[in-house]
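Please look over the sequence and the coordinates before reading on. The paragraphs that follow move from contacts of rings and charges to the strands, and then to the backbone.

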Amino acid sequence: MNTIIEPFRIKSVEPIYFTTREQRSEILKKAFYNPFLIHSNDVLIDLLTDSGTSAMSSNQWAALMQGDESYAGSPSFFRFEKTVQDITGFPIVIPTHQGRAAEKILFGILGGKGKYLVSNTLFDTTRANIEFSGAEGVDLLCPEGKIPTVPAPFKGNLDTEQLRTFIREKGAENIGACILTVTNNSGGGQPVSMANVREVSTLCAHHGILLFIDACRFAENAYFIKLREEGYQDKPVPEIVRELFSYANGCTMSAKKDAFANIGGFLAMHDESLATLCRNMLIITEGFPTYGGLAGRDLEAIATGLQEVMEEHYLQYRIRSIEYLTAKLMEAGVPVMQPAGGHAVYLDARAFLSHIPVHQYPGQALVGALYEAGGIRSVEIGSLMFGKNDGSGNLIPAQMELVRLAFPRRVYTQSHVDYVAEVIIEVFAGRSQVHGLEILEEAPMLRHFTAKLQPIQP
Ligand code: F0G
């Protein structure tokens, strides 16, 4: 088979900025070893997130000009609404300014004290919104999903046996909803199988529990189903997507991922009475229901992006580029999450920096080392992000210590990816020189965004 190429050509470019290793050491120190505090002009290859960082297509830029900015009843809204309805099958579509705004509204209503929200794995903002409502977020990921180096086709699956037990123990009436995150971002960008969605759906329906899809990367998940699940090889992606959503009562979506938009999101669902409660909150926090915190032009860009993302040459290239980097790293012996996820490569920092104990944040140390060595910005998904305090100052670590290299969509080329591989392999060779970190300052919630750290000198 020939090389799988980028299925686009470049019409507009922007510069990236080069720095020396000495400059980067200084920048990192000034940013307190937190990649969120580095100015993006000081980053060479920015893999902090795939969120809002995509390159829009010429059709999306053209669609922006079609944006109608009427406060109420804009044709841009109706185009957006119809696109989401056609793709998901959900009749009710409520725009929000991004994914977490949809979460805040929905889980403010379904959550609250005494409630549980269960999931394969909740993303950090989802968990934070659930906990902010007073409810408790519970992850019931399948066992294979918790071991980075063991390959399996659907490591994002929810453990249905555990779900059954959980329902029996806590009572269905105390479960606000079940949420399937597709793909499982915090667990390595791993997909959920259609069989798992179906089984979770049946179980939830039997107990009267609502099932919502966190749909940020729905097209990537659908393409994995096409590649890996019996019976889907010959199905077009839009059909797979439609089937996936058909098992749920609704979804939350960040359009900053699989809609190639720089901002935006939505809530979609079947239930009119729940939608009324959501719209009431929307008007207080986001805006009128036909724009929900977005400009008409954003709604246009999202509608166009949602159609483009299901194009199979794009998805083939997208999944292949992540797999390509994963394979290069594996060849060099670098411990990396297997198999490759949909939007990001995940390094297993616990194995990569096995000399750094978990309470010295090996993931964050690796993030710093990659920046210093090659100007690559990544993010820790480990105990800095998800760790808890046991009340006497000791860390309760996260399940895994991962470093995520998330690829913006349609932005970097194969030589950028080759460069990233070279830098990671170089850091791996010199890994004994990397030191652990300690926290100087942290916020009570989502601490990874603003925490200040410093290296622990041996
Ligand atoms: N759900 C998942 C699975 C996500 O990955 C994100 C965002 C959200 C919800 C929230 O959406 O940012 O539009 O409010 N993930 C980004 C990331 C931030 O870097 O993975 P948002």
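A charge is taken to sit over a ring if NZ of Lys or CZ of Arg is within 6 Å of the ring centre and within 35 degrees of the ring normal. In this predicted model, the charged end of arginine 410 sits over the ring of phenylalanine 260, 3.6 Å from its centre. Phenylalanine 260 also belongs to a cluster, in which ring pairs link Phe8, Phe260, Tyr314 and Tyr317. Arginine 410 itself is placed in the loop between strand E14 (402-406) and H16, and it has a positive phi of about 65 degrees although it is not a glycine. Because its relative accessibility is 15%, arginine 410 counts as buried, the limit for that class being under 20%.

What else does the ring of phenylalanine 428 pair with?

Tyrosine 71 lies in the loop between helix H2 (58-65) and helix H3 (75-88), while tyrosine 291 lies in the loop between helix H10 (272-285) and helix H11 (296-308), so the pair ties together parts that are 220 residues apart in sequence. Tyrosine 71 is exposed, its relative accessible area being 54%.

The partner of phenylalanine 428 is phenylalanine 352: the centres of these two rings are 4.9 Å apart and their planes are at 70 degrees, so this pair is edge-to-face. Phenylalanine 352 lies in helix H13 (residues 349-352) and phenylalanine 428 in helix H16 (residues 414-429), so the contact ties together parts that are 76 residues apart in sequence. Both phenylalanine 352 and phenylalanine 428 are buried.

Strand E5 (residues 175-181) pairs with E6 in the parallel sense over four bridges, and leucine 180 stands opposite isoleucine 213 in E6.

The loop between E5 and helix H7 (194-207) holds threonine 183, and the peptide bond that runs from valine 182 to threonine 183 is cis, with omega near -20 degrees. Another cis peptide bond runs from glutamine 338 to proline 339, where omega is near -10 degrees; proline 339 is found in the loop between helix H12 (312-331) and strand E9 (344-348).

The last stop is strand E15 (residues 437-441), in which leucine 440 lies. At 44% relative accessibility, leucine 440 counts as partly exposed, and together with Phe32 and Leu37 it makes a nonpolar surface patch of about 220 Å². In the loop between E15 and strand E16 (452-455) is leucine 446, which has a positive phi of about 45 degrees although it is not a glycine. Leucine 446 counts as partly exposed, at 29% relative accessibility.

Note on methods: Residues numbered from 1 in each chain as written. Predicted model: local features only at pLDDT ≥ 70, side-chain atom pairs only at ≥ 80, totals over all residues. Heavy atoms only, no water. Helix = DSSP H or I, 4+ residues; strand = E, 2+ residues; numbered from the N terminus. Buried < 20%, exposed > 50% of the residue type's maximum accessible area, 1.4 Å probe, protein only. Phe/Tyr/Trp six-rings, centres within 6.5 Å; stacked < 30°, edge-to-face > 60°. Patch = residues over 30% accessible without salt bridge, like charges linked within 9 Å, V, L, I, M, F, W, Y side chains within 5 Å. Areas by Shrake-Rupley, 256 points an atom, 1.4 Å probe, with all protein chains shown as cover. Salt bridge = Lys/Arg side-chain N within 4 Å of Asp/Glu carboxyl O. Pairing = 2+ DSSP bridges.
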